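Please read the sequence alongside the coordinates. The paragraphs below go from one chain to its parts, and then to the contacts between parts.

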Amino acid sequence: MIVTVASGKGGTGKTTVTASLATIWQSKLLTVDLDVEEPNLHLFLHPEIETTSTAEMEIPVLDLSKCSLCGKCAELCQFKAITMMGKFLMTFPDMCHGCGGCLAICPDGALSPGRRELGEIIRGRAGKADFIMGRIRIGEAMTPPLMNIIKDEVAATIRENPMDVLIDAPPGVSCPAVTSVIDSDVIVLVTDSTPFGFHDFVLAWEAFSPFGKPMGVVINRAGLGASEIYRFCADKSLPVLAEIPYDRAIAEAYSKGQVITTVSENLRELFVTLKQQIENLAAGAGQEADHA
Amino acid sequence: MREILIISGKGGTGKTSLTAAFAHLAKNKVLCDLDVDAPDLHLLLAPEHESEVEFWAGNEARIDQDTCQQCGLCREMCRYGAVIEHDDGHFSVDSLRCEGCKVCVSFCPDEAIEFPEKHCGQWYISSTRFGAMVHARLFPGEENSGRLVALLKQEAKKLAEERHLDLILSDGAPGIGCPVISSLSGTDLAVLVTEPTPSGRHDLERVASLCDHFKVATAVIINKFDLNSEQTASIEGFCREKNYPVVGKLPHDKVITEAMVQRLAVTELAETGLSLEIEKTWQKIMQLVP
């Protein structure tokens, strides 16, 4: 089972929920931080790092001595990574999306594959669970290529050694968020009930519901803000899987880098139940879940 | 003309609530919401649209089944796994995975792949009780947020020139990727809103490095500073070491949520310790962009 914890708005508690679930997960687990721009899961799970590797993608390298300036590559490139400027051809490796089209179309053999550093991939163990995270290089604009490399590693890992996967996704509803949820079995949307939280939650629902995957909701800081979230979930038959109460003690525990299941036995129980609810959802029994 | 951008690295530190308060306090400005992916500023400013424009960007491959000879070259060449081979032998493009690179279109021996442009969102020029506002909505799941951010910045600048306004105040996106990089271009001061938590601190360091990388001046606001005095002291130490001026330390106060529920800037409510601190913070920010 691959579970992705996502949200529209940032700061609603994705990492809190992911870290808490990871600490109560009994079966074999791989925890994944796919928020490669601002990964935070390691700050709470404190993994023992085993390997750090550099992730790269393919970009074209131009050999001007072979180039006949036919311009086919520049014409094909949709990302302005190769441009004809008068009698010059210039490459802008930072703009390249790695489609490989220019290398395939060049009739002169003037383009060869080079590499652009995307960032790091860090693997280790957090408690009983395996851990993997990515960290984009400062200044690198494109995150999906690094996320896809991590997802390929995750897929290879579970092919060899089947286990559950728990993914902490980046915020938002555009391409990075879609990249994280697209191959999961269950989506857990974390929101708070403030107007901002609710507004972005609806955006996330709009973005992710076309995938037709089982989706459930965790309401964080419950009791703060408005109740329209409950009406929305009822209307859309979206099960509310858990509600985490608003409590300054939780905010303080978080500020000390603690996983909030350690705050009280009740909170621990809440996440044990949440895990059960997620399994039910995956098994297709989710329609029965209710926030009552 | 000065451009001030409010960003944070980590989401949920209070960017938008503070931007709305600064929008209330600032004079002669254009407001701009550059978080085109999950914009929230409009919830507090209730903009009335003066103009609405479609945002078209990028293209998407689409296989014409009548022309396709099912050779499979497109699937072989697509680096994004976006071409799907179905059991009955026909091929189709998964629009969610299509990068819009045109490789399949160019190499298809039967010219069977169309490449229409995509309508990715809408953008608006609006009026609010605090002045003009430029904002947008990227359709859920869409790409090209960087291009839309660049477009909004350009439009905000044009509007400011037309209306003789000398400040652009922008709310940015979380993270340090494509839309944030795009929002930094031409910015005079990036105000980084952090909180005294391990993730707030961690993400501040990364977003500050990004500003350094692109040579954009930064100032720091520590929001909810009283949540953890040790972390706050450590963030202040970090800022001293890096020469990032700390322009405000704001207390954790539920009045932020109350203002949000009432759809107001927190400075529009009755005066509180928090609103006074926000005013002082805004004055310090303005001193940094004379």
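How many helices and strands does the secondary structure of chain B come to? In this predicted model, chain B has 10 helices and 13 strands. Its C-alpha trace spans about 70 × 45 × 35 Å along the principal axes. Chain B has 290 residues, and 59% of them count as buried. Its accessible surface comes to about 11800 Å², with 46% of that belonging to carbon and sulfur atoms. As for charge, chain B carries 29 positive and 44 negative side chains, and the centres of these two sets lie 7 Å apart. Contacts in chain B between residues at least 6 apart in sequence join residues at least 24 apart in 78% of cases.

A pair of residues in chain B illustrates such a contact. Val149(B) has its place in helix 5 of chain B, which covers residues 145–162. Leu34(B) is 115 residues away from Val149(B) along the chain, yet the C-alpha atoms of the two are separated by 5.7 Å. Leaving aside residues up to four places away in sequence, Val149(B) touches Leu34(B), Val36(B), Pro179(B), Ser182(B) and Ser183(B). Is Val149(B) buried or exposed? Its relative accessible area is 0%, and because buried means under 20%, Val149(B) counts as buried.

Helix 1 of chain B, residues 15–25, can be read in the same terms. Of its 11 residues, 10 are buried, so the helix is largely enclosed by the rest of the structure. The buried residues include Leu18(B), Phe22(B) and Leu25(B), and also Lys15(B), Thr16(B) and Ser17(B). Thr19(B), Ala20(B), Ala21(B) and Ala23(B) complete the list.

The next level is the division into domains. In chain B, domain 1 takes in 2–57 + 121–288, and domain 2 is 61–115. The centres of these two domains, taken over C-alpha atoms, are separated by 41 Å. Chain A is divided into domain 1, made up of 2–55 + 119–288, and domain 2, which is 56–117. Here 38 Å separate the domain centres, again taken over C-alpha atoms. What is the area buried between domain 1 and domain 2 of chain A? It is about 670 Å², and carbon and sulfur atoms give 52% of it. On the domain 1 side of chain A, the residues that lose the most area to domain 2 are Ala55(A), Arg137(A) and Met142(A), which together account for 56% of what that side buries. Eight residues of domain 1 of chain A are in contact with eight residues of domain 2.

Lys275(A) lies in helix 10 of chain A, residues 265–282. With a relative accessible area of 11%, Lys275(A) is buried. Beyond residues up to four places away in sequence, Lys275(A) touches Leu21(A), Ile24(A), Trp25(A), Gln26(A) and Ser27(A).

The remaining topic is the interface between the chains. There, 57 residues of chain A are in contact with 63 residues of chain B. The area buried between chain A and chain B is about 4900 Å², to which carbon and sulfur atoms give 60%. Which residues of chain A lose the most area to chain B? They are Glu38(A), Ile138(A) and Phe196(A), together 16% of what the chain A side buries.

Terms used:
Residues are numbered from 1 along each chain as its sequence is written. Chains are lettered from A and ligands numbered from 1 in the order in which they are written. This is a predicted model: local features need pLDDT of at least 70, side-chain atom pairs count only at pLDDT 80 or more; totals for chains, interfaces and linings use all residues. Side-chain values use heavy atoms; hydrogens and water are left out. Buried means under 20% relative accessible area, exposed over 50%, partly exposed in between (1.4 Å probe, protein chains only). Helices (H or I, at least four residues) and strands (E, at least two) are DSSP runs, numbered from the N terminus. Contact means heavy atoms within 4.5 Å. Accessible areas come from the Shrake-Rupley method with a 1.4 Å probe; for residues, only the protein chains shown count as cover. Lys and Arg count as positive and Asp and Glu as negative; His and the chain ends are not counted. The place of a charge is taken as NZ of Lys, CZ of Arg, CG of Asp or CD of Glu. Domain bounds come from an automatic or database domain assignment. Buried area is the accessible area (1.4 Å probe) that two parts lose on being put together, summed over both.
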